[in-house]
Amino acid sequence: MTRFVRPVFFVLVALSFLLAACGGTPATPVTVVETQVVEKVVTATLDASMPELPAGSVQINGAGATFPLPVYTEWTYAYSYVDPAVVINYQGIGSGGGKKAIVDGTVDFAGSDSLLKDEEYTSGKDLQMYPMLAGAVVVIYNFAPAKEYPADFKAPKLILDRQTLVDIYNAKVTKWNDPAIVALNPDLADYLPAETITAVHRSDGSGTTEIFTKALTAFSADWTAGGASSIEWPVDKAGNGVGGKGNAGVAASVINTPNSLGYVELSYAVSNNLAFADLINKAGQKVTANADSVASAMADFSSAFSDKLTATIVDGEGAGSYPIVGYTYIILHTTSMTDCVKAEKLLNFLQWALTDPSATSRAGALGYSVLPDAVREQVFAKFGEVTCNGAPVLK
Amino acid sequence: MTKHIVPLPEQHWLRRLQRSVRHGDKPWQAIIIAMSVLVMLLMIAIGWMLWRESADARAAFGWGFLTPSLDTRWDPVNDKFEAWPFIYGTLLTALAAIVLAIPISLGIAIFMSELCPDWLRMPLNWLVELLAAIPSVVYGLWGIFVFLPAVVTPVGEALFETLGKAPVLSILFTGPIPPSGASRLGAAFILTIMIIPTITAVTRDVLLSIPPSQREASLALGATQWETIWQVLLPYGLSGILGAVILGLGRALGETMAVTMVIGNSIEGSPSLLRPGYTMASVIANEFAEAVTKLHTQALVEIGLVLFFMTLLLNMVARLLVWRVARRTPQEARA
């Protein structure tokens, strides 16, 4: 008997496998149910943005700079209560990645700290950058006093001027007790050690580095390494430089390296209670990095926008302007968006972020500065130029 | 009652089907072949993509991209790229880590397989496996905050004081080490810790799989336990141990996150172990996301290509080595 049973059994098993494999045939009720569910999901995502289905949720995707990521995360979260029909998703993949994504059209908007290059404007066709926030980069430091502070002595903040900062990162000023530093810090003169300064910089490509190095370029003609998201550091060549990964890596290096200094975002220094140096600005005034001094820097350059609405705002003239400041931008396609509901929702979100008191206070609490009115008006005027299928998005 | 079995004709379709799918041999074979072809296709696809995406950089820099030099450029602002500091950093840290890890791992493995009391074997085993399971970023964090200042800096200073003054070795041990400990030495130490579990686990299994007859024979001939381990067990398991070392080296070459966090990420001319450096994997991880110019991106991809070929070459050499060793050892060793 077994000789008959085995082949038959095999065939049956094989048949059942075949049937399962060709599950696409609507022969069994189970498969039909599955098909329906899938169809429903597909409908929801595809048709939600069509005018006749405004109730469906709109998914807006953005990607780019990590510098403003904490603010964008809070904004998108808060905005889900303002307009529950919009789901905004922002991924911090870096400015370079964000720009590639918007040029390729794989995201609806991109965030970037660095400016688009001419060839990117060309290949992206209708790209426009809009400043959203400004942030400052501060110099954190850690030196071991040459002798102990007296009991009643409260060490004042370190003060640096623009040229000295350039010289330190050029490895021209290499000792903490260099006359240039001593002259700027008379109160600390006895305590500045005769030790080598280890200058810490970001090892990862970063908008923070771009702002910092652009400032150094503006400060002095001695700075020849240029301003970009990653550069060749003269101080590395001299053997006094160390690269740390991210703000956290730089801060950890500075904390763990006696007699070092480094640069981090103001927001990072504030939220981690790191001591940072005051700088002497172009007007010769001592300034601390904070919302006011950053706003002053933005005001200095409010009429300096190019027709592309971009501006470098380092080394401002104003008496109260902090010199190492930069904008972070949003990038949009201005004429080629075809999904008008999505375009409108996106612009509404951006307008809300720039005007709503709760949105601006969230940004301020995180150590970022919001745009002054003069700049915001220019941004809104540019928003008005965005069209969808030939018609303006904002009425 | 007698059974009447009527055999089906040999060429009946049912018999043919039965023969071909008996024990699932044919379908199984097809699946296996498909999978191994997939692996090959994957390798080819990765290599081809790296080759194609680095075309401009290869054209622009040629072999100069790879030539050793003490004064190299990596300047994204002016689009000047040379990869030697990264190649050197990767090779030096990985080799240093292997040199440090081999004696330690062999020691642990021999202890676990030959000398360990039974009650200790299990916990030790767990600990070694746990070491392998810790994510590399955790090693990096621990490295920055604890290991570098507490261990690497003092060791580095001591090396600088002693070997730094020695005639030839001073090239590798000129200092001083940065006070934070961020250096190639720090990276090599972290890598050592990370590859110890890999080498240990495989070596232990190799030693345990050696038939007891080998040990008994050696001891019966009057060898001490030390002589047995050194002259019988290690040569017997040599090909397996070599394989373990190669696995460890592979991990050391490719490790990214922990190394990035402790190596200092600085391109300086000094070839010293005690100075900050950079590795190929680190520079890709650091700069790729924000690489703006086309040439910068392509130079990074080309570094990926170099790393890819280096790993490929290493594996081929390793395979040759294992074959040669296996040929020399007795028949049983290969079983």
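Predicted model: local features only at pLDDT ≥ 70, side-chain atom pairs only at ≥ 80, totals over all residues.
1. Extent of the interface. Chain A contributes 37 residues to the contact and chain B contributes 41. The area buried between the two chains is about 3,200 Å², and carbon and sulfur atoms account for 55% of this area. On the chain B side, Val77(B), Glu290(B) and Val292(B) supply 19% of the area that chain B buries against chain A, more than any other three residues.

2. The rule finds one salt bridge across the interface of chain B and chain A. A salt bridge joins the side chains of Arg73(B) and Glu232(A), with an N to O distance of 2.9 Å.

3. Elements on the chain B side. Two or more residues each come from α1 (13–21), β1 (74–75), α6, α12 (257–262), α13 (280–287) and α14 (294–328) of chain B. Of the elements, α1(B) gives the most, with four residues. By residue class, the side of chain B that touches chain A divides into 22 nonpolar, eleven polar and eight charged residues.

4. Ser206(A). This residue lies in the loop between β6 and α8 (207–219) of chain A. Ser206(A) has a relative accessible area of 4% and is therefore buried, the cut-off being under 20%. Leaving aside residues up to four places away in sequence, Ser206(A) touches Ser229(A) and, in the other chain, Glu290(B). Glu290(B) is also one of the three residues named in the first point for their share of the area that chain B buries against chain A.

5. Helix α10 of chain A. Helix α10(A) spans residues 246–256 and is largely enclosed by the rest of the structure, because nine of its eleven residues are buried. Among the buried residues are Gly246(A), Asn247(A), Val250(A), Val254(A) and Asn256(A). Within chain A, the buried residues of α10(A) pack against β4 (127–142), β6 (198–202), β7 (241–244), β8 (260–265) and α11 (266–271). From chain B, α6 (136–162) also packs against them.

6. Helix α10 of chain B. In this helix, residues 225–236, the buried residues are Thr228(B), Ile229(B), Leu233(B), Leu234(B) and Tyr236(B). They lie on the same side of α10(B), because they cover an arc of only 140° around the axis. Trp226(B) and Gln231(B) are exposed, on the face of α10(B) turned away from its buried side.

Note on methods:
Residues numbered from 1 in each chain as written. Chains lettered and ligands numbered in written order. Heavy atoms only, no water. Buried < 20%, exposed > 50% of the residue type's maximum accessible area, 1.4 Å probe, protein only. Contact = heavy atoms within 4.5 Å. Buried area = accessible area lost by both parts, 1.4 Å probe. Salt bridge = Lys/Arg side-chain N within 4 Å of Asp/Glu carboxyl O. Nonpolar A, V, L, I, M, F, W, Y, C, P; charged D, E, K, R; others polar. Arc of directions from axis to C-beta.
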